[in-house]
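Here are some notes for someone opening this structure for the first time. Please read them with the model on screen.

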Amino acid sequence: MAILVQKFGGTSVADAEKILAAARKAIRAQKQGYQVVTVVSAMGHTTDHLIELAKQIDPDPPAREMDMLLSTGEQVSVALMAMAIHRLGHRAISFTGAQLGIRTDSTHTKARIRSIQTDRIRQALDEGYIVIAAGFQGVTDTADITTLGRGGSDTTAVALAAALRAETCEIYTDVDGVYTTDPRLVPEARRMSRISYDEMLELATAGAGVMHNRSIEFAKRFSVPVHVRSSFSDMPGTLISWMPESRSVPVCGAAAILKEARITVRGVPDQPGNAAAIFSRLGARNIATDMIVQNVAEGGRADISFTVFQEELPAALRVVEETAREIGAEGVNYDENVAKVSVVGLGMAKQPGVAQRMFQALADKGINILMITTSEIKISVLVERDRAVEALRTVHAAFELDKEPPQAEEEARPEELGNDRDRIIGRLHGMEDLVIESICLDETQACVTLSNIPDRPGLAARVFRQVAEREIVVDMIVQSVGRDGKAMMSFTVPQSSYEAALAACRPFCQEIGAAPPTGRPKVAKLSILGTGLKSHIDVASRTFKTLAHSQINVEMISTSEVRLNVVTTGDKGRQALTVLRQEFAEELLDL
Ligand SMILES: Nc1ncnc2c1ncn2[C@@H]1O[C@H](COP(=O)(O)OP(=O)(O)O)[C@@H](O)[C@H]1O
Ligand SMILES: N[C@@H](CC(=O)OP(=O)(O)O)C(=O)O
């Protein structure tokens, strides 16, 4: 009999009436012939209230005790949901994470699932019960309760669907699907009929709170179709699978993280190993970094900027200030009033001028871009927080995301997802272990750098307009806050366009009183492709460390959920490829 996993989020089980409504949906699915597993989150804002309560006792409570506390929220709702199904005349049994057999590592408050023992669930299903599973929690090998990080019930649901080989995982929530951007922030947002795993992964990490990013890693890894739909209606929602909604539009959605903070380590001695020291120490404290940009070194020193979630700023600063002293950097500064706005789309990889369109739209509204990073299917900019929602709306309009795009046709399921991949995944120790699909080298690129450009709205748009006018295809772009109100920007172009790109930028640099453009006619770009490269926060620091060990300097870096790109000097490409393949040998599928 086919298994269906349904997940009801906090808003969908916020009171008794809603719990009864969710119970009816589970019963209906069982009547349709499914064996049903219902995953529930804590009621309404319970988790937030529990966190508040803990902080009244201790502003920095022990993580183990936090998990003990937070897991109670889901324990309440599973019991009530099972009671609701009984009340409606059907059989249900509730299980906590431990009873479900969800084993995790011991990273309290952000634990990762290692394995799921499905025997007890299967037995209950075979006996005709609807299984009510507590979302967001698991248990370590030493029987300590863990939680999976905020929003983690989605991950529980998709992981259970994967382990049980369920037909579909339905995510019931307070919106009727995945929208082109958060409909609470941008009312013009449009519901998508479907979205690909990679796009959803990027949108989720870029701030689309409708899905937990790690749940999409599971979905992609185990090919679980996910259907996001409304708890309050029976309308079809959004299907997340291999297939995008459209193949012809460059951008499918936009998202924002409103509470980011930017940290800059100034004057880092430009030696391999220094960036690695900063990021590996942050990684060791489980602090995720985003938008990493290293300014090209001047006078033997470079500035390294990156963003963290605002709530992690104090902890990050403690680590960074100490490391900065040890490596002899000049100092650390930060800005806690910034937000990140991103656009995502599989189509942008094949279309030139997408970044330029985004920068121009922001420039037209006078919104200053503080930092830029791009990857093949995502462009992110950092802006001042009080302009962030306006920026999100602006890019949403610029890419006409409110309009229905031409629909994609055939189902695209990558070839490599055959038995071989299942076999390799089966060998992995943990279900959420890092999987790297390939590491490749591109030796066709050159890099152009503009330094000391005044940090004003519209400059990025102008640079890329000049470049686009000469039909030069720009690949990676990074821009970061510089010193004294001046910014630095680097981008890669095909080697054959290098001179033309320099020529395109020269008059502009002269006009704005910046130094003439510089660059390298040949750089090596290495790409690590996989799933969950960002949620496994040590991938960037391992990359830095490995390259530093071989005395290879990282000149540019960009990270996304599905790809990490680093640019090094042209003559170091092959060596970098070899050492990275060695470093990630355990996780690499294509060896
Ligand atoms: N791209 C998006 N599409 C749909 N909803 C989004 C998007 N980005 C953010 N959201 C927000 O996510 C909310 C649903 O997630 P959440 O509140 O965590 O629900 P639940 O309690 O069901 O897990 C929506 O109400 C919406 O405001
Ligand atoms: N209750 C947890 C887990 C969760 O996933 O909740 P929700 O499905 O309501 O986002 C939290 O608030 O983080």
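1. Start with Ser 223. This residue sits in the loop between α8 (213–221) and β11 (226–230). Please keep in mind that the model is predicted.

2. Look at the backbone there. Ser 223 is not a glycine, yet its phi is positive, about 50 degrees. Most residues other than glycine have a negative phi. The cut-off for buried is 20 or more, and for exposed 12 or fewer.

3. Now step back to α8, the helix that Ser 223 follows. How many of the residues of α8 are buried? The count is nine of nine, so the helix is mostly covered by the cut-off of 20 or more C-beta neighbours. Charged side chains are on that list too: Arg 214, Glu 217, Lys 220 and Arg 221 are among the buried residues. Ile 216, Phe 218 and Ala 219 are also included.

4. Phe 136 also has a positive phi, near 75 degrees, and is not a glycine. Its place is the loop between β6 (130–134) and β7 (137–139). Phe 136 has 30 C-beta neighbours inside 10 Å, and therefore counts as buried.

5. Finally, check ligand 2. Around it are 13 residues. Which come nearest? They are Gly 9, Gly 10, Ser 41, Thr 47 and Ser 153. The shell around ligand 2 holds nine polar, two nonpolar and two charged residues.

Note on methods
Residues numbered from 1 in each chain as written. Chains lettered and ligands numbered in written order. Predicted model: local features only at pLDDT ≥ 70, side-chain atom pairs only at ≥ 80, totals over all residues. Helix = DSSP H or I, 4+ residues; strand = E, 2+ residues; numbered from the N terminus. Near = placed C-beta within 6 Å.
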